[in-house]
Amino acid sequence: MEQKLWQHVLVPVGKILISILIPLIAFVLLWAGFIFLRDSNAPQTVIAVVAIIWGVGGVALLFYVADYVVNKLPVVLAKKLQPFVFVGPALAILAWYLFIPTVRSLYLSFFGPRSENFVGLKNYIYAFTDPTMLQAFINNLMWIIFGTGGAVGFGLLIALLADRSKLEKVFKSIIFMPMAISFVGAGVIWRFVYAYKPPGEDQVGILNALVTLFGGNPQAWFTLRPWNNIFLIVILIWLQTGYAMVIISAALKGVPSSIIEAGRIDGAGEIRIIRSIIIPYITSTLVTVSTTIIIISLKIFDIVFTMTNGNYGTEVIASMQYKQMFRFYDYGRGSAIAIVLVIAVIPVMWYNLKQFGKREGF
Amino acid sequence: MKRIGERRSSTTLVVTSLLAVLVLIWSVPIIGLLISSIRPKSAVQSTGWWKAFVNSSDLTLDNYRQVLGGSSYTFVDSAGNIVRASGDNLSQAFLNSLTVTIPSVIIPLLIASAAAFGFAWLDFPGRKTFFTIVVALLVVPLQIALIPILRDYQTLRLTGSYLGIWLAHTGFGLPLGIYLLHNYISTIPRDIFESAFLDGARPMVVFSRLVLPLAVPAIASLAIFQFLWVWNDLLVALVFLGGTDNVAVLTQKLASMVGSRGQDWHLLTSGAFITMIIPLIVFFSLQRYFVQGLMAGSVKG
């Protein structure tokens, strides 16, 4: 009798208790870590190490415990829930961080600065009529045209040249290197290039040094409207040419040499071969690279933020949005500008993804 | 393709010299930065960095000592004077950057590879719909999430915490991660899974023993892209970490140095170099994965 009780009641109850206890312990562990990290005054190094272990270990633990719990459930239910152990966390985070915010921003964009009173399309009217916003649109257009044109143009030129050089690898490495540098870091590098000192003093910025060397007057480049936008765009070109070059270069290797040989036999010169054979052959790659850099130019923020903070007529859409939200605390306008940005990005991104699906990801 | 230029040496010469000019233009800004960062303050302020090639006697690491040092920092300058100066505590920011970056790379990759496996090989209702939404989210620029998430964080007291920024980078990195890893994982031959499932292996075992090891090349490329993205990010850090010194990352510190020390080129250049050193090491040591990561990551929203 006693043994039956043991078998039929205590064992299952114990099992259930354990399967409740394990998630509970995991939860307490994670929560304790969270409170510790949020409120602790321990030395920085300790916090950093605990943070890394807690963050990475916590996620692994969550997956493990979720899997454990699901497998304790009746088989039918377990089978149904199993896939959500894998996709559930991702879906939850995506819903919280991207899906719901998009919907919420759309909603907030119809409300006033404090999100209290409904204002209809007023924020959108502001976004499309305010002089600073219009300036930002024009500037963004300049970023798209000159930034993309410059990066893709130089990328193509360098890829074509490097393909004909013995030192291809070295040259390409150097052109590609700026890709590793942050926009802020690049900002400092270029502020120094553009540095200005009054006439008569020794110039420390190389651009003004060159200008004075050839007898010109040193300029404060960032205040020269509207050329200052171009000086900022040069930084983007410097950063992104490497990316364009690497991808175009890979496409160049794919142009069959038989076609080029055929062209040469027909007496075509080098320029003619590039224009009539190579460029048409790699058009789809050029388009992909361009769309990617167009998206980067549309969302450009860091360069403007660190170099001019949008002053002297260099405002762009993303910097206007940041200012509305975090300088003027106008959530309505900030959200409306964000929505405008999404709408501008969607067609380019959609096209880009379509192209991307065609080429190999890795 | 054959190297066309090699037939005529004059063409090769033109090509090489043109390239050399372009490469020179591209590298001059970085060379200027590096040289200025090891020149003493007085030299940086008064003469162009290119003059260091003529008079290279007085190079120094003092600038690095100062920007890495804490709030008050004493050093002996080249003339033997004891100088007290306030440092920029970039060593702290460096540590913060590591603390932000490491989990911000590993967490999204773990979650994304699990999700990619789920979408590719497990059957559940709504699989196609959910996956379409994930891909659609690639087009959403993260700017849109800043205000709503910031409000949630204020309620949860997550602003200025590492957890907050890890989760933010996870959220913003997931669509690309899932999309690319799904592309990769779904090409793994079906037989491998089927025999494992037939042997009675649970999906978690299949995932951790089979899928993760097989997907290492894709995960490595993605890891490098996400690493660069997080390490070089300014916007997400500005919004979610706030400006307090004990959590500020390198990009934030450098951006604020640009504001407060706009003309101190000797410090700005060394500070900038400190922010670049880790990505450059990654660049030169893992160039192949680096290129793949960037190419794969080029569609990030």
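## Salt bridges within chain A

Let's start with R264(A) and E270(A): their side chains meet in a salt bridge, with N and O 3.4 Å apart. Keep in mind that this is a predicted model. R264(A) has a relative accessible area of 16%. The cut-off for calling a residue buried is under 20%, so R264(A) counts as buried.

Another pair to look up in chain A is E315(A) with K323(A), whose side chains form a salt bridge at 3.0 Å from N to O. Are these two partners buried or exposed? E315(A) is buried, at 5% relative accessibility, and K323(A) is buried too, with a relative accessible area of 11%. There is also a network to trace: D163(A), E168(A), K172(A) and K253(A) are joined into one by salt bridges that share partners.

If you're wondering what brings such residues together, side chains of opposite charge can pair when their charged atoms come close. Over all chains, the structure holds ten salt bridges.

## Salt bridges between the chains

How many salt bridges are there between chain B and chain A? The count is two. One joins R202(B) to D67(A), and here the closest N and O atoms are 2.3 Å apart. To find this pair on screen, look for R202(B) in the loop between α8 (190-198) and α9 (203-214) of chain B, then cross over to D67(A) in helix α2 (residues 44-72) of chain A.

The two partners sit in quite distinct surroundings. R202(B) is partly exposed, at 34% relative accessibility, whereas D67(A) is buried, with a relative accessible area of 2%.

R104(A) and D152(B) also make a salt bridge, in which the N to O distance is 3.5 Å.

## The interface as a whole

Now zoom out to see how the chains meet. On the chain B side, 127 residues are in contact with 116 residues of chain A. The size of an interface is often given as the accessible area lost when the parts come together. For chain B and chain A, about 10900 Å² is buried between them, and 77% of that is on carbon and sulfur atoms.

Polar contacts turn up here as well. Counting pairs in which both residues are at pLDDT 80 or more, eight residue pairs are in polar contact across the interface of chain B and chain A.

## A nonpolar patch on the surface

Which residues form the nonpolar patch on the surface? They are F99(A), I100(A), V103(A), F130(B) and I133(B), with about 400 Å² of accessible area together. Two helices, α3 (75-108) of chain A and α5 (127-136) of chain B, each supply at least two of the patch residues. The largest share, three residues, comes from α3(A).

Take V103(A) as an example. This residue lies in helix α3 of chain A.

## A look at T275(B)

Finally, find helix α13 (residues 265-285) of chain B and pick out T275(B).

What is around T275(B)? Setting aside neighbours within four places in sequence, T275(B) is in contact with W231(B), L250(B) and L254(B). A polar atom of the T275(B) side chain also lies 2.7 Å from the backbone oxygen of A272(B).

Methods: Residues are numbered from 1 along each chain as its sequence is written. Chains are lettered from A and ligands numbered from 1 in the order in which they are written. This is a predicted model: local features need pLDDT of at least 70, side-chain atom pairs count only at pLDDT 80 or more; totals for chains, interfaces and linings use all residues. Side-chain values use heavy atoms; hydrogens and water are left out. Patches are made of residues with over 30% relative accessible area and no salt bridge: like charges are joined within 9 Å, nonpolar side chains (Val, Leu, Ile, Met, Phe, Trp, Tyr) within 5 Å. Accessible areas come from the Shrake-Rupley method with a 1.4 Å probe; for residues, only the protein chains shown count as cover. A salt bridge is a side-chain nitrogen of Lys or Arg within 4 Å of a carboxyl oxygen of Asp or Glu. Helices (H or I, at least four residues) and strands (E, at least two) are DSSP runs, numbered from the N terminus. Contact means heavy atoms within 4.5 Å. Buried area is the accessible area (1.4 Å probe) that two parts lose on being put together, summed over both. A polar contact is a pair of N or O atoms within 3.5 Å; within protein, one must be able to donate a hydrogen and the other to accept it, and residues adjacent in sequence count only if both atoms are side-chain atoms. Buried means under 20% relative accessible area, exposed over 50%, partly exposed in between (1.4 Å probe, protein chains only).
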